[in-house]
Each structure stands twice: as structure tokens, then as C-alpha cells.
Amino acid sequence: MEPARRLVPPGIGVPARLANPAGGHPTRAIPAPHREDTEILMRATDALPDSEMLTPQTAARFAAGFKQLIDVGMRFKLRDEIYQRRWDPERIRDRLVHDLPEDPTVLPDIVEDFLYSVLPLCKNENSPYFLGFGDTGDDPAALAGGLLGLFTQQNLINQSFDAPSATFVEIAVLRWLRQLIGYANLPVPEVTCVWNVGGLVTPGGTASNTVAMMLAREHKAPGCMTRGVTDPGQFGVIVPRGIGHYSVKSALTWIGCGSQVIEVDTVDFRYDLGALRRTLRQHQGRIMAVVAYAGDSRTQTIENLRAVHDLVRSVDEKIWLHIDACWGFVCTFSDALRARIEGIADYDSVTVDPHKVMAVPYSVSALLTKIPENLRLIASYSDLIMQEDFAFGQVTPFIGTKPWASLKLWMMMRAHGRTGLARLVERRLDITQRFVAALDRRPRFLRLHDPDLTAVAFLYLPTDIDPDRPDIDRINSLNQEIHRRILDEGRWHLHQFSIPDPGRLQTGAILYPLRFMGANPRIEQHHIDGVLDHVETLAAEIEHAPTLTTATPEGHQ
């Protein structure tokens, strides 16, 4: 059936044909794009053909339209606002969730609907007002790789016919990551199969950590891949109490080991080494892995990697040692920071997350193994996957069709080189230290740690709080309400989570701090001062209100 433009009664601030989405839902007012975006939209919709097919005859018009859409994306990323509009979830649901239309809709109309109905409600993490995370995804070389990866449609499940050159781009990237970590690489002529590459690219840190736990399970009890888990109690995994990433616990349930996480107390968000030694001895023979964090997901505190490694090996040299370095990987970029992760190359496996720390668009993660051949422990075979030397499909658990995500990283790392990567991390640490200095000048704020990387967790203290007998519930309620209002407003963003008090107020008490992250190079001093001013203003308003209401903190990454 020939696509036709819909002529329906207009809504408020939206073209007539888009006012009433298919499915008959009532019209709601929706935010209009910026004037400049409207002009780009008009050029894009004029350029895009109504045809459903990319053909030699339609290629020029599609290309012209796509170029206009790139302009929209660039303007979105460089916009100061986090959101153009904030709606509650139910309102967004009612606007966007509807039945599949019976009739085709031409692409210009779909694009126009996106720009009016969807994009103004999207989060812009590249905004310098978004200060809770740093997944900016704005590196130009990485963006170029993302575009080319989409258009080339390579599938790294097989090499010979699915990804002839893409496979070796991915191998190159994995070798670069290994080199930064300090793992040894074979000479290039000796790289003869995926089994001696020593890593795999995954969709994210959760997937990478899950594969690491699979490796630890097979290392502990070879053959679980075929016969299954018969004694779950032998697959204990030690993590630091209160700061371990959820992915490890989830991984153990997904791979059939059950909830075997054993938490060990910490000192300043690092393992209490005495408690770790006692735990290892108490569970002797029942531990398959110890997980350490080179930058945990809350405060980004870097573990004493060398001390943990040596302690675990002294008690049981067979335990698998894994590092989640999704944040701390940046220390490999700079000689000045390398000492902070000393010992990382002695661990059995390492997870890295370039989309968190290298401004690479979602999503690119990798699991690296010290001994490349260990990946054979989790190999799987099918006659649907070519049994060829360079088919990554043999060694990518949970992944069948495998996109060329590594192209983004290949382009980014080449564009920066080692010196550029060093400048990248050093600039971020400078931003973080400027935030620390501004925070410490304000007496109502309490910083919970000395930052190792770009995260700073802090509390706003009520004006009449007694520091010798702090009311933890009241402090938490105030900070949770501050965070709730920040989320509702959408003008600024700070993160929030639960964390054990390292001793700033009441050791071990569960706190709900706010968190700043200095990972966006667009952050300037006026953003630092502005967000602290805003928190103080909100706190004053809340303290003068009759009651406090608590909020459920958002999930952490």
C-alpha cells in the first residue's frame, strides 16, 4: 500500500498530521523543538524521499536527509539543557505507546514525529549540567565509527564471509586494551586464532563481568559447561561490602551458581585486609573468585590491588582474581596515574568499559584475560557458526549476532593516541579537584572520601545538626529530598545511592549522598559553583518546609 501523509486535526504545537498518533489516543500538548531544529527538520523532511527503499535512485536524497539528521544530533549533544521538557512517565507512555498502525507512514513524517514527540524528552548526558555521570558519547572519531559500523553491517560471529576485515579491527582493539592493562601480547604473526587474542568485546560491563564469573566457575570446577552445577556451595565469590556492583550477584544467578556472594568489610571503601584474610580462611576451598574494584561504581575508589592479590594468593593460589576496572581503566592512559593500579596485570581477568570513560557512544565493553587460552573454558560450538580460526562467535557467551561495536573504539584510540588519552584523563581529574576545592569551602557540605578518580560523594548537613550525635535519618531524608527535587526539575543532575559511612558521621551507617562526576570536559567553574548554589537553595527551602519526604534513589551503574 502506498504510504500517505496523515491529515488529522492539529494538536498544540505539533504539525497536523502528527497530532493524533495511530491507535486513537487523545491529543496532548507536546514541546516544540528549538527554532534552529525546526529549520533543520524542514530541510531534512524535504530532503528525505517517501520511498521505503534505499536504491541508487533514492540514495542522493536519503544522504541529504541523513546529513540534516546528523545536524540535529550535533545540536542535541551541544545543547546546554539536560532535557528540553520533563514529563512524568505516565504522560510519556500515553504519548508514545500505541498500537502498530495499519497503514505505512512515510519516513519524513516519522522523523518529524521523533523530533517533536521524542527528542525533546530525551536526556542529554553531554550537557555540562548533567553532573552525576560521564557517559558523554561525544568523541567525534567514535561517533564516526558508530555511523560507519551501522552502515557496513558486519557480523563478527564469523570472520571469513561475515566480517573479513572487521574481525581484525576488533583483534587490534583488544590487543591495545591488553597493552594498556599490561598483559602480554603475542607477536602479530603468532595470532592465529581467537583463542590467543586474550579478550572479547561485549555490550557492557555487566556482560563482561558475567563472562568473568563463567571463567571463574570453569576454573574452579571444569566441566560445568556440559554437566551443569552440582555443588553451588563451592562457588562463593568475595566482594567488598556495600560497594560491590550488582552485576556480580546477578551473574552468579544467571550461570547457575545461586546467590553465593560473600561480603567483606571495608576501610575507606577498600577491603579490610584482615577481614579478607579471615573470610578466605573461614571459607577455605569454597571460594571460586575474589572481585576487586579499580574504581567502584559509587565513589570510584581504587582498591589496593597489589595487596589484595598477594593476600589471596598466599591463602589459596587457585582462586580466580577478577578486577572490575570500568572506571579505573583510565589510569592506564597516563604514566602519572599508573601507580594507582599497580598489580592489575597480575589478575586473571579485567573488565573495561570504554563507553564510561572514553566518550564512546553506547555501548562498548571488553573482558580481558591474562592467559588468552583460558577463553577455551567457555567455548561453544554450532554448525551455524563457522568452525574457523577467527570466528568470535565461538567465544562470546550470550551473544549470537555480534555488531561491530569495536569500530568506535578503534577510531577513537587512533585519533587520540597514548598522549591524547593521557590528556583526556588528566583534564577530568583537574575538573574533579576544582569541584573538591569548591565543595570544601562550604561548611554545610561533608565530603565522604578523597577522590581517586572523577567521582565525589558528599552530603548536605542540616543547619542544626550535632556532629557529635548526628541524626542519620534526618540527614538522609534531607539529601534524598534534595535529590528528588533535582530529578523532578531536570535542570541539573547529581547521582544518589546508598553507601556505608566510612567513619565521617557514624561508621557503618547507611548514607544516601549526592555524587558529582568530573568526566565531562564541558564542565566549567560556573557549573561547579552553580550546582552547589542550587543544592544549598533547595536545602534551605526544604528545611523551612514543615515535613521531609524521602525518595527512592535511582539505580547506579
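Visitor: Which residues are linked in a network of salt bridges?
Guide: E481, R484, R485, D488 and E541 are. A salt bridge here is a side-chain nitrogen of Lys or Arg within 4 Å of a carboxyl oxygen of Asp or Glu.

Visitor: Okay, and what am I looking at?
Guide: This is a predicted model, where local features need pLDDT of at least 70, side-chain atom pairs count only at pLDDT 80 or more, and totals for chains, interfaces and linings use all residues. Residues are numbered from 1 along each chain as its sequence is written, and side-chain values use heavy atoms, with hydrogens and water left out.

Visitor: How many salt bridges turn up in the whole structure?
Guide: A search finds 27. One of them joins the side chains of R485 and E541, at 3.7 Å from N to O. R485 is in helix α14 and E541 in helix α15, 56 residues apart. Helices are DSSP runs of H or I with at least four residues, strands are E runs with at least two, and both are numbered from the N terminus.

Visitor: What does R270 form a salt bridge with?
Guide: With D452, and the closest N and O atoms are 2.8 Å apart. R270 lies in strand β5 and D452 in the loop between β10 and β11, so the pair ties together parts 182 residues apart in sequence. D452 counts as buried because its relative accessibility is 15%.

Visitor: Switching topic: how do α13 and α15 pack?
Guide: Helix α13 (residues 406-440) and helix α15 (residues 525-543) pack at about 40°, with their axes 10 Å apart. Axes are lines fitted to C-alpha atoms, for helices over the stretch in contact, and angles run from 0 to 180 degrees between N-to-C directions. That makes α13 oblique to α15. Angles under 35 degrees are roughly parallel, over 145 roughly antiparallel, 65 to 115 roughly perpendicular, and the rest oblique.

Visitor: Which residues make the contact?
Guide: From α13, I431, R434, F435, A438 and L439; from α15, Q525, I528, D529, V531 and L532. Contact means heavy atoms within 4.5 Å.

How values were computed. Buried < 20%, exposed > 50% of the residue type's maximum accessible area, 1.4 Å probe, protein only.
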